[in-house]
Amino acid sequence: MKVLFFVCQLVGLWVLNELGYFITERLHLPFPGNVMGLLLLFILLVTGVIKLAWIESAASFLIRHLAFFFIPVAVGLMEVGGLLVMNGVAIMTSLVVSAVVGLLVTSGLSQLLERRKERANEHIRNTM
Amino acid sequence: MSTFVTLCSILLTVGAYMLSRLVARKYPSPFTTPVFFSTALIITVLLILGLSFEQYKPGKEIMTFFLGPATVALAVPLYKNRQLVVTYSIPAAAGIVIGALATTLSAVLIGLLFRLPHDVVASLGVKSVTVPIALEITALIGGNPTLSAAFVVLTGTLGTMIGPWLLKRSGITSSFAYGLAMGVVSHGQGTAQAATENELAGAVAGVAMGLTAIVTSIILPTLIPHIL
């Protein structure tokens, strides 16, 4: 019974995924169908059409093992080994520098704005 | 014969994954992260057995069937933490949009500076998004899906190696800002790293990863044709 419920949840997530692709293709939206599926599920959860308990166990199972899906894709590195060796320095520079830039910009900016918001809240509390 | 090879490649992948989880728990290190460790192990076994990626591919198609539904499932952590997103909506939105743009553009510009082929540069653009979404964006902007996946995995690993060290040394004391940066830059792997250090950082990273995917999948297909 539990297994059947779990399978139904998986099918449900798959249906939402297919629906996402159907919508983006029909409307010619320039972004991925699976992201549309994500947005659909989010909206259905917020509006209460779908209850969290209906899909939670399959969803958390898939997210917990998300890394598994990366593996067969990463094995494809076998095919591009030559290209990676040839352009290794350029690619690694791009990956390392952009990771550092992204980390510093994201954390620096959000910490600054978070502090400012906290200070503003304190100010409101002090003047009340 | 080919059905047998397919079955074996699936068993090999599942086995490598299960083994890597055990190893990662016992010896936590960037080199024992499941993706890095399993991939290295599988490629080694395939090379020893003299099998090509072409022979592994049918198994890959079966195993990645649930990639799409797994992406849809990311709506669940987003929904669970929606209060957090609302409370910090402005710093979160600014950090995610500007951060995703900064990491994507710097990667693409360095690629152009080194005169890398265009499909390689396009693949560099998607590296901060989780694999299933990266593959879809790649199809839209004309990159190489295998390279995109490789860059995503490399970025995730790099972020978990550099991130904690770099952010602590550059004066980031807020768990919120820390988690946000890890999620924006290093998607799933960054989220897992942030979650082991701090519960709030983990939750924020998960949300950031999902939102970065959405932001990037809207920005890139409109931006890339103008740059390349």
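Trainee: Where in chain B is Ser38(B) found?

Mentor: Helices here are DSSP runs of H or I with at least four residues, strands are runs of E with at least two, and both are numbered from the N terminus. Going by that, residues 34-49 of chain B make up the helix that holds Ser38(B), namely α2.

Trainee: What pLDDT do local features need in this model?

Mentor: Residues are numbered from 1 along each chain as its sequence is written, while chains are lettered from A and ligands numbered from 1 in the order in which they are written. Side-chain values use heavy atoms, with hydrogens and water left out, and since this is a predicted model, totals for chains, interfaces and linings use all residues, side-chain atom pairs count only at pLDDT 80 or more, and local features need at least 70.

Trainee: Is Ser38(B) buried or exposed?

Mentor: With a 1.4 Å probe and protein chains only, buried means under 20% relative accessible area, exposed means over 50%, and partly exposed is in between. Ser38(B) has a relative accessible area of 0%, so this residue counts as buried.

Trainee: Which residue of chain A does Ser38(B) touch?

Mentor: Contact means heavy atoms within 4.5 Å. Leaving out residues up to four places away in sequence, Ser38(B) touches Ala16(B), Tyr17(B) and Ser20(B), and also, from the other chain, Ile71(A).

Trainee: Which side chain makes a polar contact with the side chain of Ser38(B)?

Mentor: A polar contact is a pair of N or O atoms within 3.5 Å; within protein, one must be able to donate a hydrogen and the other to accept it, and residues adjacent in sequence count only if both atoms are side-chain atoms. A polar atom of the Ser38(B) side chain lies 3.5 Å from the backbone oxygen of Ala16(B). Side chain to side chain, there is a contact of 3.1 Å, and the partner is Ser20(B).

Trainee: Which residues of chain A does Thr13(B) touch?

Mentor: Thr13(B) sits in helix α1, residues 2-26 of chain B, and is buried, its relative accessible area being 0%. The backbone oxygen of Ser9(B) is 2.6 Å from a polar atom of Thr13(B)'s side chain. Not counting residues up to four places away in sequence, Thr13(B) touches Ile42(B), Tyr56(B) and Met63(B), plus Phe68(A), Ile71(A) and Pro72(A).

Trainee: How far apart are the C-alpha atoms of Thr13(B) and Gly59(B)?

Mentor: In sequence, 46 residues separate Thr13(B) and Gly59(B). In space, C-alpha to C-alpha, the separation is 9.2 Å.

Trainee: How much area do chain A and chain B bury between them?

Mentor: Buried area is the accessible area (1.4 Å probe) that two parts lose on being put together, summed over both. The contact takes 71 residues from chain A and 97 residues from chain B. Carbon and sulfur atoms hold 82% of the buried area, and the total is about 7300 Å².

Trainee: Which two residues meet in the salt bridge?

Mentor: A salt bridge is a side-chain nitrogen of Lys or Arg within 4 Å of a carboxyl oxygen of Asp or Glu. The whole structure has one such bridge over all chains. With the N to O distance at 2.6 Å, the partners are Glu56(A) and Lys80(B).

Trainee: Which loop holds Arg115(B)?

Mentor: Most residues other than glycine have a negative phi. Phi of Arg115(B) is positive, near 55°, and the residue counts as exposed at 75% relative accessibility. Its place is the loop between α7 (89-113) and α8 (118-125) of chain B.

Trainee: Which residue with a positive phi follows α9(B)?

Mentor: Helix α9(B) covers residues 131-141, and its buried residues include Val131(B), Ile137(B) and Ile141(B). Among the elements covering the buried residues are α2 and α4 of chain A. After the helix, with a phi near 80°, comes Gly142(B).
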